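This report walks through one model, from an annotated span to its helix packing. Keep the structure in view while reading.

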Amino acid sequence: MDVKRVKDYLYWLYYQYQLVTCSYVLEPWEQSMFHTITVTVLAMVVYTAYVFVPIHVRLALEFFSQIFGSQPERAMLN
């Protein structure tokens, strides 16, 4: 891959981000505050998904396995 093409693509993605969020019309200090808040919220969403989604998926699988009559894993091991 060409480094210049990757760099241009990243600049294009950043430009698209600015267009979608309309942050290009903000002053520089407002842009930095907006970007800080956006990155913080995104980081919290990713962290929450990383911590809590696997727990909920496991609980849902246990719930549906009990409903559809599957034997629990503990009973299969004995």
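## Annotated span

In an unreviewed entry, UniProt lists residues 32–53 as "transmembrane region". UniProt positions follow the numbering used here, feature names are shortened, and annotations may be inferred rather than shown by experiment. In the model, this span of residues 32–53 is 100% helix and 0% strand, and its end C-alpha atoms lie 31 Å apart.

## Basis of the model

The model is predicted: local features need pLDDT of at least 70, side-chain atom pairs count only at pLDDT 80 or more, and totals for chains, interfaces and linings use all residues. Residues are numbered from 1 along each chain as its sequence is written, and side-chain values use heavy atoms, with hydrogens and water left out.

## Overall fold

The protein chain has 3 helices and 0 strands. Its pattern along the sequence is α-α-α. Helices (H or I, at least four residues) and strands (E, at least two) are DSSP runs, numbered from the N terminus.

Of the 78 residues in the protein chain, 5% count as buried. Buried means under 20% relative accessible area, exposed over 50%, and partly exposed in between, with a 1.4 Å probe and protein chains only.

## Helix H2

Helix H2 covers residues 28–67, which is 40 residues. The expected span is 1.5 Å times one less than the number of residues.

H2 bends by about 35° at Phe 52, and Pro 54 follows within four residues. The bend is the angle between axes fitted to the seven residues ending at a residue and the seven starting there. Just after H2, Gly 69 has a positive phi of about 85°.

## H1 against H2

The axes of H1 (residues 3–21) and H2 come within 13 Å and cross at roughly 95°. H1 is therefore roughly perpendicular to H2, a label for angles of 65 to 115 degrees. Axes are lines fitted to C-alpha atoms, for helices over the stretch in contact, and angles run from 0 to 180 degrees between N-to-C directions.

From H1, Tyr 14, Tyr 17, Gln 18 and Thr 21 make the contact; from H2, Gln 31, Phe 34, His 35 and Thr 38 do. Contact means heavy atoms within 4.5 Å.

## Two buried glutamines

Gln 18 sits in H1. Gln 18 counts as buried because its relative accessibility is 12%. Leaving aside neighbours within four places in sequence, Gln 18 contacts Ser 23, Tyr 24 and Gln 31.

Gln 31 belongs to H2. Gln 31 is buried too, at 17% relative accessible area. Beyond residues up to four places away in sequence, Gln 31 touches Gln 18, Ser 23, Tyr 24 and Leu 26.

Definitions and conventions:
Angles under 35 degrees count as roughly parallel, over 145 as roughly antiparallel, 65 to 115 as roughly perpendicular and the rest as oblique.
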